[in-house]
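Subject: Structure handover

Hi,

Here is the structure for you to look over. My notes follow below it.

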Amino acid sequence: MDDYKDIIDFLKPRRDIKASEELHNKVRKAFEKKHRQRKAARWLLGGISLGAVAAALLLVLIPPGLSAKEVLRGAISALMHTENVEMVVDVRTRPVENFRYININDDFVAHHIYITYVDSLSSWRVDKGGRIALGNGKNIYTWIPSLNLGWHIDGDDKDNILGYFANFLTPRKILEKELENCLNNKNGEYNVEKNGKDIILTVHSSPQGNFDNPYKLNSSIAESETIRRYVIDSDSKRLRSASVNVIADNQKIEVLKVSSIDYDSQRKDIYKVDPNIRFVEIEMQPTGLIGLSAEEAASTILNAFADWNDSILTKVFIPEVSEAAYRERFQGSTLISVGRSFKSGNNNSAFVPYSLKLKDGTTQCHNIALQKTEYGGWVVVGGL
């Protein structure tokens with residue numbers, strides 16, 4: 001518990017709450033990642049989501065009669081001393097999409113989350129059927145079984161890989177993320193109440209990002225207006241249930257619900273990589289197309305599909321990814337048109353509308369998503 005002394009001390013009620021420079025540094029260091037590796041993982045696997053799990057936010061508004069120190073210690077202890085946890089989380093999404101993606105019109109997809117702790121070190125596994133990820137604090141593997149293709153990351157950048165689901169894996173990360181939110185005065189309305197033996201936390205948050213163009217609105221929990229509800233057992237301090245509703249067209253649509261939590265799971269083999277999957281190292285990213293506008297880059301890339309011009313495509317895709325995911329569908333296609341690029345959401349992607357005539361004669365109209373690498377070149381991160 002000594003690891004949390006600064007956070008506990010900081011969160012003791014007082015009139016004028018100010019964080020020490022030492023705590024600021026600890027919070028900042030917790031969010032620093034290896035620069036090159038983080039960029040590579042971000043454009044390939046999805047962006048960072050909003051963190052919001054009850055154990056942390058309980059500390060922002062504590063019900064009368066509850067000690068902040070008592071609740072904090074209990075919440076950390078309840079999770080840190082649980083060796084094996086198994087959850088089922090249902091999300092409106094698609095099985096093969098990244099873990100960040102939601103769609104209010106999709107059906108629920110079950111996500112099985114497994115966590116084990118051995119000597120304070122955790123291993124975890126998140127399985128949504130069409131996409132699987134696992135990590136042990138030193139390495140992360142994620143793969144798509146239908147493509148027999150996966151990615152290996154040397155490190156522990158769970159946020160980039162799991163998005164919202166990273167919040168359920170590490171109590172300390174939850175505390176640090178929510179504390180940073182508080183220190184930076186990020187918007188959100190918190191309400192905490194007690195109902196019998198339940199502590200109920202409700203958080204109402206606005207969508208994060210620029211939505212002058214609403215294309216990315218409601219495509220992730222972070223990029224949605226949400227009402228998140230967490231129920232904590234006041235005796236054990238364990239999370240009992242959770243749900244997330246998206247506000248769209250003046251309606252509340254449930255997009256995430258924790259349907260079961262087993263704190264005494266007996267599963268031991270969660271850190272097991274599929275031996276049939278070909279894994280690609282993503283520590284390095286392609287350089288991208290340099291010196292072009294987003295529209296010019298999109299046109300160059302989409303025209304390269306006609307004869308599958310590797311001299312261009314290897315600059316914007318990891319070759320193994322383009323071969324497995326795109327070549328069969330797009331080789332031999334013809335570009336019809338490219339529109340004006342636009343921004344939407346909370347990342348730095350540029351979206352370029354396009355029309356493409358595929359080799360089977362059908363037409364695909366979509367928005368290709370491009371991002372600039374650290375080298376200043378455009379790479380493809382979605383929209384195909």
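**Two loop residues with positive phi**

N148 is found in the loop between β5 (139-144) and β6 (149-154). Keep in mind that this is a predicted model. The phi of N148 is near 50 degrees, a positive value in a residue other than glycine. Most residues other than glycine have a negative phi. N148 counts as partly exposed, because its relative accessibility is 44% and the class lies between 20% and 50%.

Is W308 buried or exposed? W308 is buried, with a relative accessible area of 4%, because buried means under 20%.

**The four-stranded sheet**

Next, the sheet. Four strands make it up, in the order β13-β14-β15-β16. The sheet is open, and the pairing is antiparallel. Strands of a sheet pair through backbone hydrogen bonds, either parallel or antiparallel. Which strands sit at the edges? They are β13 (334-338) and β16 (378-382), each of which pairs on one side only. From one strand to the next, the twist averages 45 degrees.

Take β14 and β15 now. Eight bridges join these two antiparallel strands. Within that pairing, F351 has A369 of β15 as its bridge partner. The two strands form a hairpin with five residues between them. In its turn, G361 has a positive phi of about 95 degrees.

On to β15 and β16. Strand β15 covers residues 363-372 and pairs with β16 in the antiparallel sense over four bridges. L370 has V380 of β16 as its bridge partner. Q371 is bridged to V379, also in β16. This hairpin has five residues between the strands as well. Here G376 takes a positive phi near 90 degrees.

**Helix α8 on the sheet**

What packs on this sheet? Helix α8 (residues 294-304) does, touching β13, β14 (350-357), β15 and β16. The direction of α8 makes about 125 degrees with that of β15.

Look at which residues of α8 are buried. They are A294, A297, A298, I301, L302 and A304. Seen down the axis of α8, the buried residues fall within an arc of 155 degrees, so they line one face of the helix. An α-helix has 3.6 residues a turn, so residues three or four places apart point the same way. The buried residues of α8 pack against α9 (310-313), β13, β14, β15 and β16.

**The nonpolar core**

The largest nonpolar core has 70 residues. Which of them have the most contacts inside it? They are L162, I301, F305, I368 and L370. The largest share of this core comes from α8, with six residues. I301 is in the buried set of α8, and L370 is the residue bridged to V380.

Leaving aside neighbours within four places in sequence, F305 is in contact with L313, F317, F330, Q331, G332, S333, L356 and L384.

**S344, a buried serine**

S344 sits in the loop between β13 and β14. S344 is buried, because its relative accessible area is 2% and the cut-off is under 20%. What does its side chain reach? At 3.4 Å it reaches the backbone nitrogen of Y215. A polar atom of the S344 side chain also lies 2.6 Å from the backbone oxygen of N213. Not counting residues up to four places away in sequence, S344 touches N210, F211, N213, P214, Y215, K216 and F351. F351 is the residue bridged to A369.

**E281 and a link across the chain**

Last item: E281, in strand β12 (residues 278-281). The side chain of E281 makes a polar contact with the side chain of H152, at 2.7 Å. The C-alpha atoms of E281 and I153 are separated by 6.5 Å. Along the chain, those two residues are 128 residues apart.

**Where to look**

After that, see S344 with N213, and E281 with H152.

Best wishes

Methods
Residues numbered from 1 in each chain as written. Predicted model: local features only at pLDDT ≥ 70, side-chain atom pairs only at ≥ 80, totals over all residues. Heavy atoms only, no water. Pairing = 2+ DSSP bridges. Axes fitted to C-alpha atoms, helices over the stretch in contact; angles between N-to-C directions. Contact = heavy atoms within 4.5 Å. Buried < 20%, exposed > 50% of the residue type's maximum accessible area, 1.4 Å probe, protein only. Arc of directions from axis to C-beta. Core = buried A, V, L, I, M, F, W, Y, C linked by side-chain atoms within 4.5 Å. Polar contact = N/O pair within 3.5 Å; in protein donor to acceptor, adjacent residues only side chain to side chain.
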